Amino acid sequence: LVGSFIMIFPLIWMILSSFKTVGDVYAYPPKWIPSAWNFNNYKQVFEMIPFWTYYGNSIFTAVTQTFLQIAISVLAAYALTKLRFPGRNFVFKFLQSSMFVPAVVTLIPTFLIISKMNLVNTYAGIILPQIMAAFTTMLIMSFFVSVPNELLEAARIDGCGYMGCLFKIMLPSSVSGITTAALFSFLGHWKSYQWPLIVTNSTNLRTLPIGLKYLVQESSSEYQVMMAAAVMTVVPVLIV
């Protein structure tokens with residue numbers, strides 16, 4: 001119960017602060033309940049930044065990246081756990097070792113590649129470099145390993161091909177694992193800040209994490225407006 005309260009406290013504070021006035025935000029001692037419920041904060045978000053544009057960009061890129069990443073991870077996990085081919089162990093070790101390379105190390109090379117492909121400031125430039133993830137592949141592999149090989153052999157005897165075994169046996173048997181991997185993937189892409197910031201220079205392509213930064217002004221920060229934007233930003237995450 002104590003741990004749950006500690007985790008949910010920032011969320012409750014964010015929601016309550018989104019309805020506060022400037023005086024309530026800076027009040028000391030802090031006020032939990034707003035003295036006057038100010039719904040104008042949500043209106044100000046749309047007046048200060050093109051919120052719907054950022055919202056649409058984040059939903060499009062996060063959903064597309066999640067779909068492509070899970071599709072690639074499922075195929076890779078299936079090949080590495082249930083198929084026999086030369087170099088399989090090497091591919092597995094290479095995939096596993098890539099998890100030890102910090103993302104910042106590959107940041108500049110990745111940008112140079114995207115630049116040479118003329119994908120800077122495009123949706124493809126945001127999406128493609130982030131759809132390969134060893135973590136989701138390894139996670140799905142841990143579920144595929146638990147599916148008995150005898151089940152696949154029986155299906156092959158009955159005339160089921162490689163892809164048939166994947167879609168009719170492996171996927172239905174690993175729904176919980178794939179769902180978990182998709183959740184991790186979506187959360188990672190939804191909150192991605194560094195790469196979309198580097199690869200885009202147009203406001204029309206900015207995503208929500210970058211767009212929220214525009215609410216921070218040089219002279220001051222309207223925290224109540226930022227909290228209103230954050231509440232709207234977290235809704236898709238809660239739905240997923």
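T203 has a relative accessible area of 40% and therefore counts as partly exposed, a class that lies between buried (under 20%) and exposed (over 50%), as judged with a 1.4 Å probe and the protein chains only. The model is a predicted one, in which local features need pLDDT of at least 70 and side-chain atom pairs count only at pLDDT 80 or more, while totals for chains, interfaces and linings use all residues. Residues are numbered from 1 along each chain as its sequence is written, and side-chain values use heavy atoms, without hydrogens and water.

- T203 is placed in the loop that runs between α12 (194-199) and α13 (208-213), where helices are DSSP runs of H or I with at least four residues, numbered from the N terminus.
- When neighbours within four places in sequence are left aside, T203 is in contact (heavy atoms within 4.5 Å) with P50, T53 and Y54.
- Between T203 and G161 the separation is 42 residues in sequence, whereas their C-alpha atoms are 47 Å apart in space.
- I72 belongs to helix α4, and its relative accessible area of 30% places it in the partly exposed class.
- Apart from neighbours within four places in sequence, the residues in contact with I72 are I131 and M132.
- I72 and L183 are separated by 111 residues along the sequence, and the distance between their C-alpha atoms is 15 Å.

- I140, not counting residues up to four places away in sequence, touches S73, V74, A77, I178 and A181.
- In soluble globular proteins, nonpolar side chains tend to be buried together.

**Cysteines**

- Zero disulfides (pairs of cysteine sulfur atoms within 2.5 Å) are found when the whole structure is searched.
- C160 takes part in no disulfide, and its nearest cysteine sulfur, which belongs to C165, is 4.1 Å away.
- C160 counts as buried because its relative accessibility is 15%.
- C165 is likewise in no disulfide, with the sulfur of C160 as its nearest cysteine sulfur at 4.1 Å.
- For C165 the relative accessibility is 1%, so this cysteine also counts as buried.

**Salt bridge**

- The search of the whole structure finds one salt bridge, which is a side-chain nitrogen of Lys or Arg within 4 Å of a carboxyl oxygen of Asp or Glu.
- K31 is joined to D24 by a salt bridge in which the closest N and O atoms are 3.5 Å apart.
- K31 is partly exposed, with a relative accessible area of 35%, whereas D24, at 5% relative accessibility, counts as buried.
- Side chains of opposite charge can pair when their charged atoms come close.

**Backbone geometry**

- Most residues other than glycine have a negative phi, and most peptide bonds are trans.
- The peptide bond that joins Y28 and P29 is cis, with omega at about 0°.
- P29 is located in the loop between α2 (22-25) and α3 (40-48).
- N118 has a positive phi, near 60°, although this residue is not glycine, and its place is in the loop between α6 (107-116) and α7 (123-127).
- With a relative accessibility of 66%, N118 counts as exposed.
- N121, again a residue other than glycine, has a positive phi of about 65°, and this asparagine, too, lies in the loop between α6 and α7.
- N121 counts as partly exposed because its relative accessibility is 24%.

Notes. Helix = DSSP H or I, 4+ residues; strand = E, 2+ residues; numbered from the N terminus.
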